[in-house]
Amino acid sequence: MGIRFDAVTVAYDGNVVLDALDLTVAPGEVMALLGPSGSGKTTALRAVAGFVRPASGRVFLGDRDVTDLPPHRRGIGMVVQQYALFPHMRVEDNVAFGLKARKVPRAEIRTRVAEALEMTGMGAYARRHPRELSGGQQQRVAIARALAIRPDVLLLDEPLSALDAQLRSGMLAELARLHRELPDVSILYVTHDQVEALTLADRIAVMDKAKLRACGTPRELYRAPTDEFTASFVGGANLLPVTVGATGVRLGEAELKADTAGAAVGARATLCVRPHLVGLGEGPNRLTGTLSEIQWRGATHRLYVEVDGHRVMADLRELRDPPGLGDEVTLHFAPDDAVLLPAGVGHD
Ligand SMILES: Nc1ncnc2c1ncn2[C@@H]1O[C@H](COP(=O)(O)OP(=O)(O)O)[C@@H](O)[C@H]1O
Ligand SMILES: [Mg+2]
């Protein structure tokens, strides 16, 4: 069942923390809500669950307007950051909780609890208490509890953020598998972590300061971002303040070829180039400057080069003979690898 936000606005004490959100999650789709802390992600989720009332706008589940329905009548499973298991209840009772509240018959509860625990790999832990489980296992139980009610919609609020990095990547793979097993369940997945969003989501909705900035597939947002915030939040980017010319753009003294379709000659704009698409040495679209910093990152070196007062980042693989700090360095990138964006904060 799909989810639709229709101009949903939420305010606390007159402060708008979700500003006229329009967003549709298709049935069976995984939509990530990605944005920095405080951007309104949890608020959007809580509006779907029914824990916060919009000041205006409507929330739909499928064709049904649920804006005025209480949470337990929305058919939603929800998992939050801090597991929120009942510490005095065994795993099986935690998972059964929502079913008992819904007055599901006892035999049916037993079946569904077993099924949900099986799905999350926790079948052997039914009789344990939460304190006898690791963080990752507790989070699995929380997911099992959400799945036990057989929700049409699953809301996940930073479900992996309390886990360490290694567990996190394992759980990401598990969530992807769960979604394959439950292809009809729509998932709204809140995270501030771009890797989680890029890995798991069919589409990503980028939130910034209570507003939706952009929405698209991970590939679209990465390859063709439409604004500076999205470009830098999804994947990291060089955002170069340029002036549009007839066949390209100008950055300080440098003439760069770029697709300027739709931009007026003389206008100010921002050229977005991904660091891994910047090469070292001569090539098309040359930028020459001074190496101010170099970081070894295992698979790559990250170079920071000051070009006319602008810092350009390049991620280079197989850099056998790295330049030294203060050296003059020439970088290049292909015209096709640059995206022209409306001028933003990079301009003063
Ligand atoms: N119950 C509340 N009362 C007052 N302000 C709140 C409440 N919940 C959230 N906020 C504020 O709303 C803004 C958005 O919060 P939230 O949706 O939790 O952001 P995110 O999940 O993106 O970090 C923040 O500035 C937060 O302080
Ligand atoms: Mg949050």
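This is a predicted model: local features need pLDDT of at least 70, side-chain atom pairs count only at pLDDT 80 or more; totals for chains, interfaces and linings use all residues.
A crossing of two helices is left-handed if the near helix is turned anticlockwise from the far one by less than a right angle, and right-handed if it is turned clockwise. By this convention, the crossing of α2 and α4 is right-handed.

Helix α2 spans residues 91-101, and helix α4 spans residues 135-148. Their axes come within 8 Å of each other and cross at roughly 30°. Angles under 35 degrees count as roughly parallel, and α2 and α4 are therefore roughly parallel to each other. On the α2 side, the residues that meet α4 are Val-91, Asn-94, Val-95 and Leu-99. Their counterparts in α4 are Val-141, Ala-144, Arg-145 and Ala-148. By class, the residues of this contact comprise six nonpolar, one polar and one charged.

Helix α2 also packs against helix α3, which covers residues 106-119. Here the axes lie 9 Å apart, and the angle is about 125°. That angle makes α2 oblique to α3. The crossing of α2 and α3 is right-handed. From α2, the contact draws on Val-91, Glu-92, Val-95, Ala-96, Leu-99 and Lys-100. From α3, it draws on Ile-109, Arg-112, Val-113, Ala-116 and Leu-117. Eight of the residues in the contact of α2 with α3 are nonpolar and three are charged, with no polar residue.

Helix α4 in turn meets helix α5, formed by residues 165-181. The axes of α4 and α5 come within 11 Å and cross at roughly 20°. These two helices are therefore roughly parallel to each other, and their crossing is right-handed. The α4 residues involved are Gly-136, Gln-139, Arg-140, Ile-143 and Leu-147. Those of α5 are Leu-167, Met-171, Glu-174, Leu-175 and Leu-178. The contact of α4 with α5 has six nonpolar, two polar and two charged residues.

Around ligand 1 stand Tyr-12 and Val-17, together with Pro-36, Ser-37, Gly-38, Ser-39, Gly-40, Lys-41, Thr-42 and Thr-43. Among these residues, Gly-38 places a backbone N or O atom 2.6 Å from an oxygen atom of ligand 1. A polar backbone atom of Gly-40 is 3.0 Å from an oxygen atom of the ligand. Thr-42 takes part through its side chain, where an N or O atom is 2.8 Å from an oxygen atom of ligand 1.

Key
Residues are numbered from 1 along each chain as its sequence is written. Chains are lettered from A and ligands numbered from 1 in the order in which they are written. Side-chain values use heavy atoms; hydrogens and water are left out. Axes are lines fitted to C-alpha atoms, for helices over the stretch in contact, and angles run from 0 to 180 degrees between N-to-C directions. Helices (H or I, at least four residues) and strands (E, at least two) are DSSP runs, numbered from the N terminus. Angles under 35 degrees count as roughly parallel, over 145 as roughly antiparallel, 65 to 115 as roughly perpendicular and the rest as oblique. Contact means heavy atoms within 4.5 Å. Ala, Val, Leu, Ile, Met, Phe, Trp, Tyr, Cys and Pro count as nonpolar, Asp, Glu, Lys and Arg as charged, and the others, Gly among them, as polar. A residue is near a molecule or strand if one of its heavy atoms lies within 4 Å of it. A polar contact is a pair of N or O atoms within 3.5 Å; within protein, one must be able to donate a hydrogen and the other to accept it, and residues adjacent in sequence count only if both atoms are side-chain atoms.
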